[in-house]
Amino acid sequence: MHNYLIKLAKLHRDRPDMFPAGTLGDVGFYQDDPCAIFQGGECNCDPDLVVNTDSDEAARVKRMVDSAAKFATIIRSKRQ
Ligand SMILES: [Zn+2]
């Protein structure tokens with residue numbers, strides 16, 4: 001398994017305060033230069049993780065998800 005996923009799972013377990021309920025966030029993974037992921041392998045480095053909740057990017061994704069949900073609702077109502 002990729003090291004960055006293991007590190008994210010441990011962070012989620014150890015620091016739930018960084019992942020508040022009801023928020024949408026994004027995580028940046030900063031791989032080390034020699035990481036095998038750049039050669040198509042699994043992440044084998046000790047990447048830095050940056051967690052952003054309610055960041056501009058998270059807000060943009062939330063708007064997209066909300067728009068898709070509205071669109072799906074409209075399509076369903078037209079099919080009935
Ligand atoms: Zn890596």
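Guide: A residue is buried if 20 or more other C-beta atoms lie within 10 Å of its own, exposed if 12 or fewer, and partly exposed in between, with the C-beta atoms placed from the backbone. Helices (H or I, at least four residues) and strands (E, at least two) are DSSP runs, numbered from the N terminus. This is a predicted model, in which local features need pLDDT of at least 70 and side-chain atom pairs count only at pLDDT 80 or more, while totals for chains, interfaces and linings use all residues. Residues are numbered from 1 along each chain as its sequence is written.

Visitor: How many residues of α1 are buried?

Guide: Of the 12 residues of α1, one is buried, so the helix lies largely in the open. In the protein as a whole, buried residues make up 4% of the 80 residues.

Visitor: Which pattern does the protein follow along the sequence?

Guide: The pattern is α-β-β-α, made of two helices and two strands. The radius of gyration, taken over C-alpha atoms, is 17 Å, well over the 12 Å that the globule rule (2.2 Å times the number of residues to the power 0.38) gives for 80 residues, so the protein is more spread out than a compact globule.

Visitor: Where is P34 placed, and is P34 buried or exposed?

Guide: P34 sits in the loop between β1 (25-30) and β2 (48-53), and P34 counts as exposed because it has 9 C-beta neighbours inside 10 Å. From C-alpha to C-alpha, P34 and C45 are 7.6 Å apart in space, although 11 residues apart in sequence.
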